[in-house]
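Come along while I look a few things up.

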Amino acid sequence: MAALDADARAQHLPQLTDAGWAAVSGRDALKKTFKFTNFNEAWSYMSSVALAAEKMDHHPEWFNVYNKVEITWSTHDCGGLSMKDVKMAKFCDDAAARYKK
């Protein structure tokens, strides 16, 4: 898996930062915190992301407390961001949208 080149970064990262994803200080990674109504929604969301991540063989770094889920994406194989991270960040946003009322 190749790291994102300058053209791919210019094409994909602005959309993600506009959607609330932020660069992680000191590393080539993206992070976002999602907030849900309760723990059950947060856990259900995490389960849907986990199933998609398993299919892509690309797993997040994440942290959950009650109704909050913090997700960080980076590709260890290339030492930074790859298209897998872009695809999974977009999947995370789409999955979270299902919980908006």
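**Entry 1: the outline.** I began with the reminder that this is a predicted model. I looked up the secondary structure and found 3 helices and 4 strands. Reading from the N terminus, I noted the order α-β-β-α-β-β-α.

**Entry 2: overall shape.** I asked what radius of gyration the chain has, and how that fits a compact globule. For 101 residues the globule rule gives a value near 13 Å, and the chain has 13 Å, so the two agree. The C-alpha trace spans about 40 × 25 × 25 Å along its principal axes.

Entry 3: The exposed surface comes to about 5,900 Å², with 54% of it supplied by carbon and sulfur atoms. I also checked contacts between residues at least 6 apart in sequence: 64% of them join residues at least 24 apart.

**Entry 4: helix α1.** This helix covers residues 6-18. Still, I found a bend of about 35° at His12, with Pro14 following within four residues.

**Entry 5: the ends of α1.** At the start, a side-chain oxygen of Asp5 comes to within 3.2 Å of the backbone nitrogen of Asp7. Just after the helix, Gly20 has a positive phi of about 105°.

Entry 6: Which residues of α1 are buried? I listed Ala8, His12, Leu13 and Leu16. I recalled that residues three or four places apart in an α-helix point the same way, because there are 3.6 residues a turn. The buried residues of α1 pack against β2 (30-35) and α3 (83-97).

How values were computed: Residues numbered from 1 in each chain as written. Predicted model: local features only at pLDDT ≥ 70, side-chain atom pairs only at ≥ 80, totals over all residues. Heavy atoms only, no water. Helix = DSSP H or I, 4+ residues; strand = E, 2+ residues; numbered from the N terminus. Expected span 1.5 Å × (residues − 1). Bend = angle between axes of the 7 residues up to and from the residue. Buried < 20%, exposed > 50% of the residue type's maximum accessible area, 1.4 Å probe, protein only. Contact = heavy atoms within 4.5 Å. Polar contact = N/O pair within 3.5 Å; in protein donor to acceptor, adjacent residues only side chain to side chain. Rg over C-alpha atoms; globule rule 2.2 N^0.38 Å. Areas by Shrake-Rupley, 256 points an atom, 1.4 Å probe, with all protein chains shown as cover.
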